[in-house]
Protein chains: 2
Amino acid sequence: LLSVILFGIVKQEIVGQIEILASGLSEVLPAGGLELKVKKALEAGRPLRVKLGVDPTAPDLHLGHAVPLRKLRQFQDLGHRAILIIGDFTAMVGDPSGRSVTRPSLSLDQVKANADTYIDQAFKVLDNDPDRLEIRYNSEWLSVLDFVQVLRLTARFTVAGLLVREDFMKRYKGEQSIGLHEFLYPVMQAYDSVEIEADVELGGTDQTFNLLAGRELQEKLGLEPQIALTLPLLEGTDGLKKMSKSYDNHIGLTFAPGDMFGKVMSVPDEAPDRPRFSLILKYYQLGLGRLPQEIADIARQLETGALDPRDAKEELAWRVVATYHGKEAADEARADFEARFRTKDRESERALEEKIDVFIEPQADGKFYLPKLLVACGAAASASEGRRLIDQGGVRINGELQTELHSELGDEFQLKVGKRKIFRAHLNPT
Amino acid sequence: LLSVILFGIVKQEIVGQIEILASGLSEVLPAGGLELKVKKALEAGRPLRVKLGVDPTAPDLHLGHAVPLRKLRQFQDLGHRAILIIGDFTAMVGDPSGRSVTRPSLSLDQVKANADTYIDQAFKVLDNDPDRLEIRYNSEWLSVLDFVQVLRLTARFTVAGLLVREDFMKRYKGEQSIGLHEFLYPVMQAYDSVEIEADVELGGTDQTFNLLAGRELQEKLGLEPQIALTLPLLEGTDGLKKMSKSYDNHIGLTFAPGDMFGKVMSVPDEAPDRPRFSLILKYYQLGLGRLPQEIADIARQLETGALDPRDAKEELAWRVVATYHGKEAADEARADFEARFRTKDRESERALEEKIDVFIEPQADGKFYLPKLLVACGAAASASEGRRLIDQGGVRINGELQTELHSELGDEFQLKVGKRKIFRAHLNPT
């Protein structure tokens with residue numbers, strides 16, 4: 001009976017883990033592989049070894065780079081072991097994935113400096129518990145390979161198998177040269193998986209070939225092959241193209257808090273040919289690694305209007321800044337942003353203001369009946385429509401929402417009705 | 001004046017060397033490169049460094065393998081330095097040149113044993129003077145390369161540049177797999193040239209690509225690039241296909257003297273679509289490395305009939321056996337061959353013999369007048385025709401050439417007139 005109960009718990013646990021781990025993925029290769037891996041690991045009571053290889057070729061990390069780190073963190077939170085490979089050795093070649101020209105080679109110093117930056121940022125996303133995190137440099141095993149060992153490894157790969165890769169084929173057919181050393185890149189990345197005995201490897205969709213190379217090499221060497229999980233690319237602040245420094249649409253992880261906050265806020269609510277709010281939700285999912293349930297909640301609230309997209313983005317921006325700069329910096333960035341935004345709001349409203357003179361009599365207590373004010377301004381056809389506008393929360397005086405039907409009024413005030421009608425009113429001018 | 005004279009001598013020397021070194025070549029790359037190299041070397045008074053790389057992958061060496069060794073010897077004889085590279089390291093990959101499938105990998109023990117056999121044979125062709133010969137194993141520099149150095153080397157080659165190679169392209173298009181390690185073969189061979197600072201590299205026509213890879217790599221690394229000299233393939237004993245163990249048309253360098261002698265003798269005098277005797281001359285040139293003047297002499301003698309093709313082949317066979325087994329063994333092999341050949345001749349003649357009874361009277365001294373004998377046999381229409389036949393050396397009795405008009409005769413003898421008319425004669429039977 002106990003084993004049946006335990007089996008039930010494990011089964012429920014499997015389902016729960018799969019739901020989280022599969023969320024936001026672009027592809028699982030082979031299909032169904034994630035279920036099998038998680039099941040095996042939970043039944044054996046051992047954590048999965050989840051590999052993420054990073055190439056310290058670029059010193060400028062951005063939120064797009066954080067996407068696989070967030071997924072890795074999800075694995076950690078479910079009890080698995082993250083193995084972060086710093087490709088200090090491979091960086092000297094440079095990943096040819098998705099490239100149309102050969103990368104320039106980097107010096108060891110550049111690579112080292114970039115690696116340090118990367119780790120600094122990774123520590124802000126990952127769980128640093130040594131039981132949950134291994135950081136390994138692939139020079140550890142690659143730099144000690146001699147030529148014979150390299151030959152043995154390369155013998156496991158075929159030229160045709162490498163050339164089918166989309167980026168290589170495109171370059172080959174376009175007569176853009178591919179250095180022979182670039183063919184060794186997937187070999188090296190694959191060997192990393194052998195060396196660290198990866199169960200799972202994460203990467204962007206542009207990494208699919210390299211991830212599968214690891215799987216194949218493990219298989220050829222008689223090891224249990226890893227599965228490959230690919231993650232979609234995150235769009236940049238233009239909402240259109242993938243985030244990249246070269247498109248100038250990136251949110252750098254080392255950007256100052258205020259700048260970072262503002263960049264997140266600049267992400268558009270809508271983008272052509274996409275469901276409304278999908279970009280905000282994608283940032284929550286990929287950029288912050290929020291769980292499926294929470295994403296669904298936010299989506300529903302945005303749909304029903306219970307959550308203003310601007311508030312959703314402020315929350316997003318706050319969390320992003322909090323991750324990389326801490327909560328205090330995030331609070332400050334939000335306060336600054338709001339102050340600036342309100343000033344800006346006021347300025348732009350002032351430009352829209354229609355100047356009018358309003359003639360209405362106050363009551364005995366000196367207050368004015370607001371529905372009448374709305375009729376007098378031409379913002380409502382009748383006092384009853386004016387009342388309805390106030391009830392719906394559509395009327396502000398000097399920026400303050402009016403919830404009562406009576407109010408005191410100065411000689412000059414701003415009246416805002418809905419989003420568009422803004423008056424600069426002079427009361428009973430003489 | 002002295003310098004003019006010296007210059008004249010050098011110039012004459014250059015012309016003489018070029019004539020010898022260019023003889024029997026398939027191609028010189030780049031065209032005119034040989035002249036430049038020889039000129040430079042002679043003017044600087046330093047010998048050329050002439051590389052021949054051999055892959056100890058096959059334990060069965062044959063006369064075809066001796067072709068580049070013979071050319072190397074010519075360089076030595078003209079004062080240059082031969083550098084024989086034993087590809088003990090590259091042998092583990094196996095040269096993919098001209099192959100339609102990936103070679104199986106060899107163990108180090110196999111490679112070592114093959115290398116020893118190769119050197120044994122090479123010593124029989126080359127001049128062993130240490131000033132004229134270096135023997136180097138390429139594991140010396142290749143086995144100590146680490147992965148970084150391998151990457152730097154491979155960065156000098158492009159995938160497209162390797163794939164244009166005819167054999168690779170054929171396999172790629174034919175969907176026959178090419179191991180990535182096979183792409184590293186030309187890289188290694190090229191690096192050998194860098195390491196030993198080759199001025200000239202020799203190889204078969206199937207080596208053209210590899211030889212040029214060496215030239216290119218030297219150039220890219222800022223070294224004086226080598227020239228490539230390719231040698232034609234030697235046909236096997238069938239006179240049709242290139243010599244190869246797999247065609248069973250090879251003359252193994254370790255064949256026993258008698259066998260070796262017989263195999264050379266079996267090379268046909270003529271082959272379809274080729275000038276007469278061309279194969280014999282090719283064996284003299286490529287298999288023995290004879291100089292252009294001598295080849296021209298033999299060709300003329302064969303043409304005029306002054307030299308019987310069979311005698312030319314016997315001389316060829318003797319020299320081949322003498323090279324690999326010494327002069328004594330060659331003498332013995334020739335004697336054996338001739339004895340067997342004469343026995344065989346006699347046996348085949350006996351089958352052709354026409355039995356006849358001949359009735360003629362002896363002279364007073366007991367001898368017989370041979371022209372009469374020829375008339376009596378029906379081999380001549382008249383005594384005067386009979387005399388002419390004897391004068392032309394066309395008459396043999398019991399195998400002995402008859403130069404006199406009179407001879408003693410036994411009761412039974414063999415009479416041979418020309419090549420075809422053979423009689424077994426009974427004299428004056430009762």
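1. Asp77(A) is partly exposed at 48% relative accessible area, and Arg73(A) is partly exposed at 27%. The model discussed here is a predicted one.

2. A second salt bridge joins Glu235(A) to Arg274(A), with 2.5 Å between the closest N and O atoms. Glu235(A) belongs to the loop between β6 (227–231) and α11 (257–265) of chain A, and Arg274(A) to the loop between α11 and α12 (278–287), so the pair ties together parts 39 residues apart in sequence. Glu235(A) is buried, with 7% relative accessibility, whereas Arg274(A) is partly exposed at 33%.

3. In chain B, Glu134(B) and Arg81(B) form a salt bridge of 2.8 Å, N to O. Glu134(B) lies in strand β4 (residues 133–137) and Arg81(B) in strand β3 (residues 81–86), so this contact ties together parts 53 residues apart in sequence. Both residues are buried. In chain A, shared partners link Arg49(A), Arg81(A), Glu134(A), Arg136(A) and Glu140(A) into one network of salt bridges. Over all chains, the structure holds 46 salt bridges.

4. A patch of negative charge on the surface gathers Glu328(A), Asp331(A), Glu332(A) and Asp336(A). Asp336(A) is part of helix α15 (residues 327–352) of chain A and is partly exposed, at 46% relative accessible area.

5. Helix α16 (residues 370–377) of chain B has as its buried residues Leu370(B), Pro371(B), Leu373(B), Leu374(B) and Cys377(B). These residues lie on the same side of α16(B), because they cover an arc of only 155° around the axis. Just after α16(B), Gly378(B) has a positive phi of about 85°.

How values were computed:
Residues numbered from 1 in each chain as written. Chains lettered and ligands numbered in written order. Predicted model: local features only at pLDDT ≥ 70, side-chain atom pairs only at ≥ 80, totals over all residues. Heavy atoms only, no water. Buried < 20%, exposed > 50% of the residue type's maximum accessible area, 1.4 Å probe, protein only. Helix = DSSP H or I, 4+ residues; strand = E, 2+ residues; numbered from the N terminus. Arc of directions from axis to C-beta. Patch = residues over 30% accessible without salt bridge, like charges linked within 9 Å, V, L, I, M, F, W, Y side chains within 5 Å. Areas by Shrake-Rupley, 256 points an atom, 1.4 Å probe, with all protein chains shown as cover. Salt bridge = Lys/Arg side-chain N within 4 Å of Asp/Glu carboxyl O. Lys, Arg positive; Asp, Glu negative; His and termini not counted. Charge placed at Lys NZ, Arg CZ, Asp CG, Glu CD.
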